[in-house]
Amino acid sequence: MDKLIKLFEDVARLWSKYSSFYLDGMKNTLILALVATAIGCVIGLVCGVLNTIPYSKNDNIIKRFFLALIRVLVRIYVEVFRGTPMVLQAVFIFYGLPYFTDNAMRFDDLWTAAILIVSINTGAYMAESVRGGIISIDPGQTEGAKAIGMTHVQTMTNVILPQALRNIMPQIGNNFIINVKDTSVMFIIGFTEFFAFHRYITGVNMLYFPSAAIEMIGYLTMTLLASFLLRWVEKLMDGSSSYELVQVDSLTMSAGNYSHPGKPFAEQNKEKKHLFRGRKRGEQDE
Amino acid sequence: MSEQILEVKHLSKNFGKNQVLKDIDFTVNKGDTISIIGASGSGKSTLLRCINLLETPTAGEIWYRGKNVADRKVKAHEYRSHVGMVFQSFNLFNNLTVLENCIVGQRKVLKKSKQEAKETAMYYLDKVGMAPYINARPRQLSGGQKQRVAIARALAMNPEVLLFDEPTSALDPEMVGEVLAVMQQLAQEGMTMLVVTHEMAFARDVSSRVVYMNDGVICEQGSPADVFGNPQKQETKDFLARFRNT
Ligand SMILES: Nc1ncnc2c1ncn2[C@@H]1O[C@H](COP(=O)(O)OP(=O)(O)OP(=O)(O)O)[C@@H](O)[C@H]1O
Ligand SMILES: [Mg+2]
């Protein structure tokens, strides 16, 4: 009990003195995770879409060559950035770029560096998710779109991607939550996110455990908030679970006097009996 | 003589070594309602899918408005916007409402204004009796309702010919009637239709021509009265006899 009280006191002390630091760290972490996840999604989307452009033996050789090349490049990108730790990627890119270009290219701004690294990393994961999301959509959806004359691009943007994105929403959320936590390795390039302040503050006063407690609560708050928001977005994307029947009369009115040959079905139904109303299968041939 | 819309010449389709369509010749005239019947695996679906280029023909020509659309130079998506297709499994867009399903093609492919697209969609949804359901999503509809929306979606593109691939085969028996009634109506209004079907009553009573396919060839075709009343080929007789017995 004493220990708990002491912990509370220490936490309170830390907070009253350093709350602006902790809050600043949380803000940086959230912005970095949010921006990098968004950019990562765009990268993943582009890779996934390029990766699933269909081609057949009948297409010309140049198109086939480029599409095959794209698939290989995306494959390499995914394997490299999924298969190495992000902390290492950070060091590799942050110090590698100036090294190779004799300082012609280097990161003057830590934000740019951090966003770039986390985005590329997220993109590698998202590329696979998007590809999976696209190929998991029933081929009937593509055929339905083609049958009304849509091009591949129109089919993708109007039919396939909206469904694929809905299906990978949980993975996008997952990536965001992972990014909130894993951006903590960005201290390696000197980026001051939430965890970096822990290192800085405890370096001054040695209150490791109380500060860690604050960090735990801080991270948990951010990730729980993210989960909650995600559910909400998913619900929004699903649309309402019920629908309202619309009064036909008012609608035919609003449809104006658009002139078409033939009468609407409802009118004709009144006039004649249908051969097939209520006929059961198996009875067709009497 | 009525205007010719489609002419299929020497059409063949192979899947690997399996020749599914063998040198098919056949024409579609304006206002025709052609029923395509035949045993499972005889190539009926493949024929329809070749006609709107969902499958690439291995050989042969498909003439539409003075163009051979089987030629690779012709843009398949442009041609498809004139040829509607209704699938056995409906294939409504799951991310869109009933109304949006009937609008999206008009907006994106035909580049119609929002207002005009909506009016046309409403007209056809009303025609198939689905106007009250415009705000529903496909997952909230019964099979028969979905299929009627799918028909409205195809009609809203104002196609010159409408292809149906077993539109009632995935439906519960009590919903078959509502879909067939819509199709019968269309036939009476002069819509040009190609219908692959196992509904023999529809083939006999509604179509203007019946095509019997067997093993990748058109075995026999003619008026319903001829094909059903007085079949010439032994295969046709056997097929129809099998149907009567079940
Ligand atoms: N994509 C494909 N790849 C390989 N073979 C196929 C493909 N599609 C169809 N086939 C084969 O082509 C033949 C004809 O198929 P099709 O679907 O045209 O028959 P169908 O007459 O429509 O039959 P059903 O009445 O069962 O629908 C079958 O033997 C089938 O296995
Ligand atoms: Mg079939």
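In what order do the strands of the open sheet of 6 strands in chain B stand? In this predicted model, in which local features need pLDDT of at least 70, side-chain atom pairs count only at pLDDT 80 or more and totals for chains, interfaces and linings use all residues, the order is 6-7-8-3-9-10, with mixed pairing. Residues are numbered from 1 along each chain as its sequence is written, chains are lettered from A and ligands numbered from 1 in the order in which they are written, and side-chain values use heavy atoms, with hydrogens and water left out.

Helices (H or I, at least four residues) and strands (E, at least two) are DSSP runs numbered from the N terminus, and two strands are taken to pair if DSSP finds at least two bridges between them. Strand 6 (83-86) and strand 10 (217-222) of chain B stand at the edges of the sheet with a single partner strand each, so one side of each is left without a neighbour in the sheet. On average, neighbouring strands of this sheet are turned by 20° against each other, direction ignored, where axes are lines fitted to C-alpha atoms, for helices over the stretch in contact, and angles run from 0 to 180 degrees between N-to-C directions. Strand 3 (residues 33-38) and strand 8 (residues 193-196) of chain B run parallel and are joined by 4 bridges, and B:Ile34 stands opposite B:Leu194 of strand 8. Helix 6 (residues 173-188) of chain B packs on the sheet, where it touches strand 3, strand 7 (161-165) and strand 8 of chain B, and its direction makes about 150° with that of strand 8; contact here means heavy atoms within 4.5 Å.

A further open sheet in chain B has 4 strands in the order 2-1-4-5, with antiparallel pairing. Its edge strands are strand 2 (18-29) and strand 5 (67-68) of chain B, each of which pairs on one side only. Strand 1 (residues 4-15) of chain B runs antiparallel to strand 2 of chain B and is joined to it by 8 bridges, and the bridge partner of B:Asn14 in strand 2 is B:Gln19.

Chain A, by contrast, has 10 helices and 0 strands. Buried residues (under 20% relative accessible area, with exposed meaning over 50% and partly exposed in between, for a 1.4 Å probe and protein chains only) make up 40% of the 286 residues in chain A. Of the contacts in chain A with a separation of 6 or more, 75% are between residues 24 or more positions apart.

Rolling a probe the size of a water molecule over the atoms shows where empty space is left. On a 1 Å grid over the protein atoms alone, a cavity is a set of points where a 1.4 Å probe fits but cannot get out, a pocket is an open set with protein on both sides within 12 Å along at least five of seven lines, and lining residues have an atom within 4 Å of a point. Grid points are joined across faces, edges and corners, and a volume is the space filled by probe spheres set on the points. The largest pocket holds about 1400 Å³ of space, and of the 39 residues that line it, A:Pro54, A:Asp59, A:Lys63, A:Lys146 and B:Arg80 are the closest to its centre. Helix 6 (152-182) of chain A gives the most to this lining, with 5 residues. The lining of the largest pocket divides into 18 nonpolar, 10 polar and 11 charged residues, where Ala, Val, Leu, Ile, Met, Phe, Trp, Tyr, Cys and Pro count as nonpolar, Asp, Glu, Lys and Arg as charged, and the others, Gly among them, as polar.

B:Phe90 lies in the loop between strand 6 and helix 3 (98-108) of chain B and is buried, with a relative accessible area of 12%. Most residues other than glycine have a negative phi, but phi of B:Phe90 is near 65°, a positive value. A:Met206 also has a phi near 65°; A:Met206 is placed in the loop between helix 7 (194-205) and helix 8 (208-238) of chain A and, at 55% relative accessibility, counts as exposed.
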